[in-house]
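Subject: Structure handover

Hello,

Here is the structure I promised to pass on. My notes on what turned up follow below it.

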Amino acid sequence: MCNYVLCAASLLSAAFAVFADNNSPYGVCAHVTRDEFGIRGAEYRKMAEAGIRWVRSDFDWSSMQNAAGEWNFGKLDQLIGDAEKAGITILPILGYKSPKGVRPNDCLDDWDSYVKTLVSRYGERLPVLELWNEENIPNFWKDPDPVKYTELLKRTYAAVKSTNPKIKVMFGGTAGVPFEFIEQCYRAGAAKSFDIMNIHPYSHPAPPENRLESEIVRLREIMDKYGDGDKPLWITEIGWPTQHRKTAVPGMLKCGLSIANPEKKGRWNVLVIEEYDAEVPEMSEVLVNELPDGTAIRRCAYADVNRILQNYSFDAVVLPFNENYPADAEDALVDYVKNGGILVEFGGFPLYYGLTTDSNGRSAKAKTNPTEFRNRLRMGVEAWWLGEKGKVPEKLVCHPTSQLKGAQVNDKGIEGTRFLVPDLLKEGDQFIPLLQGKLDSYTGTAAAVYKFNSDFKGALVVSTVFERSNNTNTELKQSKTVPRANLIAFSKGVERIFWYEFQAPETDPYDPESFFGITHRDLSPKPAYRAYQALIRLRPSGSVPLTGVHWKTDDEKVYQPQWKRPDGTIAGALWSVDRPGTYRATFKEGDVRIVNHLGAELMKCASGKPATVSISNAPIYFYGAQLEKIEPVTVDTAELLGTLPTIFAQAGEQYLQLAARMESYTNAFPRRIDCGRFVTVAPTEWTSGFFPGSLWLLYEATGNDKFKTLAKKYTDQLEQIRHFTGNHDIGFMLMCSVGNGYRLANIEGYREILLDGAAALCTRYNEKMNLIRSWNGGHFQVIIDNMMNLELLMWASKHGGDPKFAEIARKHADTTNRRHFRANDSAFHVIDYNPDNGKIYQYVAGQGASADSPWARGQSWGLYGFTMMYRETKNPAYLARAVRSAEFLTGHKNLPADLIPYWDYEAAAIPNEPRDTSAGAIMCSALFELCQLVESPQLAKKYRDFATRQLLSLVSPEYFAEVGSNGNFLLKHGVGHLPGNSEIDVPLNYGDYYFLEALLRFRKLSKAEIK
């Protein structure tokens, strides 16, 4: 974990005392009595460091008493003694088989003796005893019976109380919240035989807000019904696992595609339809290794499928790996398969739940008939609950057929419960089984390829095997559920919570049980550990809910629990799942400090002053004063200015983590995260300078020397390219890195590097063309991006370089101004010139939708470049061009309401095209400069207000990533080269750079205006 978290933890340790007492509401589950006994000391120390004061673990009867009735408490004595030294209390789970291998109900006298012996030996060192674990499910209690359980509960309660009345007996933690089971226990007379109610209200991967509150409320109603409403309620297990994702049968998808289209050569172009959830690892991540090598993946949401399929060509379309499908796209998907496309459907009963998108952008059940849709696709499916009773088995072990090559299935096979049939095929169509099993006379096919050669020309690749490992969560999501689940439970009166669990065994990368832990196998912290630590320090033992205040807003969209700490300080938390955004928080008198869910300080707020905060599903804490009001705001300049410390703090945390990720790399620079892969580039790649450049900007923003040290480290690695002549991009590489380093730190030698870089760029200048050649391809290609690199030449000319540097820059700008723009003032991306006579061979689409369309980032490059050239030369022609570009962009009919452009302003599938935050950030930064250069006050205000609105969108949770997410880049939703199927809907390092520059330009401009 990065140093910033440790620093934040130290800051909180200094600010808050940790209360080590048995009244602490914070616990964890840990197998210290079993597999983790050998590391108990290290675990206890790590728990104590976080402030965790309770540990729940299994007490196996047979491990303490052998068949001869002899007792062995040596191991338990060590366990409890070591825990006490660490200030930790053990919660034992009593139960399981006797030393003779029978259940306690079948040897109640022996059970009484065991319980009394345990209580007599340890007394109040074990102040609470839990009876059984998840007694309502077969995993732990064969043939669950609430009457039988109540019988055991009564005997246990009597044995405990007769030995030591001070010891509390707790109801066994139930799997989920089984209301009927619990009520049957009450009917059997359980109420007088336990002191504490106990549940395990798991909901993963769904968030705790979905049902945790309602389940607690309903449980309380049952308890009240039986006169038991005043008893304490504990949660002894709740958690969210972070196992890896994979397909159930690795290699089967690749084989299925090969069967569906054996003639396909070269790179596949695949559309992956995602049920977008930023907190679940993307399906495209899983598919990277399951698709043919070099596959280009484009992702889209349900609502985008129709328009995307209408306008783009794909070799295959992959549906979500579950039983859902986009019902609004039924016709488009049928046409796609009919016309030769390959549709992939994996994960349970195929096409079982049709979902549509409601007006709020959420998924809702569609009023369609899935059976009809499957029939239209000629996909036959049967299961045991359909059709003739007894015809289809409930489950069947399936094995690969001879057609399934290269797939990974163990010798035991894989379980199938739904089966594919060829009943609907027409003459010429083929049904090719991949996984099959037999039971008596029934043969079941759990995976197959439907290969059409009739009026349909495409194929279906289908697997009904459940993709069980896909119900996972990112580590970031796990960390956010820790405070939210705890605070919801505390707000509803839960007394104590045990997080499941402390150490993640990490023995099976795809098993949830291996990844519930908040530390890794080696006990190194996951983000969830830091989140638990922050929660405990902000809401220590002895804290009580603040009376007379609502813990949610009136519309129940924003959670705002508050509490009084033992030292009298008021603290609270803010988060929202359904309505993230920017809010104004008003506090009563008192200085307020605000920290994020991992404990890092975000901002300070002087007494009586409101704070403008970004609220998302990652809680933020405040302490020092009571919250009076929280309200969404349309942020004006002053309020946005007030959020900058928080924004820069969040950005800084992300980049410190990104720098930590880079420690194992040499001579490399981070560029993006793409389908889960961390992509770096070499020093000579055009984006190499943006990472060190962003570090310099963070140093400028925060004054933190950590960023200066890191920026210099990575900037120095670019000294080797000072003479690079391979393309025009040396301006990007050096000005962002070395240029900022010289400006901010005046580092010796940086000036000379920049002068050498300028000279290298000029080697690409053609005097006859009055242009700098961009790329070496074509005849003489020049791209609009080249305008950005002229700043290196202008700078060098003013800092002791050859005066011709500036002359070359002006000539290139003049020619570009004259020849690189259309009549509507949009810029071409690529022009290929004839170097012999200067005539144009052709206009090239480049990274745009076509040669005639306005590629978004290219328009931003042009706007930025000519604004910069006017600043450097005061040539009114450059200002006029910048204004015409600005007018084209700010007034474009296809600009979305939030002002973050689509990747191309005239892309075919607007409004279902990807946005490009890099284009938006570059445009925003340019407009903040342009508004200070235009003479017209009306234009100045127009551009300034427009850029401010863009910046507001960019800092919103929709685009600005939470700490720990997005591969530690800042902006989400960038597009590099969509026509080339490269970098679609990913973070991009240059988007981050210009985002930070826009923030700094806004800060400087706003502070100057306020003065």
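Helix 14 is largely enclosed by the rest of the structure, because 15 of its 17 residues are buried. Buried means under 20% relative accessible area, exposed means over 50%, and partly exposed lies in between (1.4 Å probe, protein chains only). Helices are DSSP runs of H or I with at least four residues, strands are runs of E with at least two, and both are numbered from the N terminus.

Before you read on: this is a predicted model, in which local features need pLDDT of at least 70 and side-chain atom pairs count only at pLDDT 80 or more, while totals for chains, interfaces and linings use all residues. Residues are numbered from 1 along each chain as its sequence is written, and side-chain values use heavy atoms, with hydrogens and water left out.

Back to helix 14, which covers residues 475–491. The expected span is 1.5 Å times one less than the number of residues. The helix has a kink of about 25 degrees at Thr481, shortly before the proline Pro483. That bend is the angle between axes fitted to the seven residues ending at a residue and the seven starting there. Just after the helix, Gly493 takes a positive phi of about 90 degrees.

Helix 22 (residues 804–819) is another one to look at. Its 16 residues reach 22 Å from first C-alpha to last, close to the 22 Å expected. Its buried residues include Phe805, Ile808 and His812.

Next, salt bridges. The rule is a side-chain nitrogen of Lys or Arg within 4 Å of a carboxyl oxygen of Asp or Glu. By that rule the count comes to 59.

- Glu183 with Arg187: the closest N and O atoms are 3.8 Å apart. The two are 4 residues apart in helix 7 (residues 179–187), so about one helical turn separates them. Glu183 is buried at 10% relative accessible area, whereas Arg187 counts as exposed at 52%.
- Glu913 with Arg298: the closest N and O atoms are 3.1 Å apart. This pair links distant parts of the chain, 615 residues apart. Glu913 is in the loop between helix 24 (876–890) and helix 25 (917–930), and Arg298 is in strand 10 (residues 296–300). Both Glu913 and Arg298 are buried.
- Glu872 with Arg871: the closest N and O atoms are 2.7 Å apart. Glu872 is buried at 18%, and Arg871 is partly exposed at 23%.
- The network: Glu872 and Arg871 are linked by salt bridges with Glu791, Lys798, Glu929, Glu997 and Arg1001.

The side chain of Asn740 meets that of Tyr993 at 2.9 Å. A polar contact is a pair of N or O atoms within 3.5 Å; within protein, one must be able to donate a hydrogen and the other to accept it, and residues adjacent in sequence count only if both atoms are side-chain atoms. Asn740 sits in helix 19 (residues 730–745). Asn740 is buried, at 6% relative accessible area.

Best wishes
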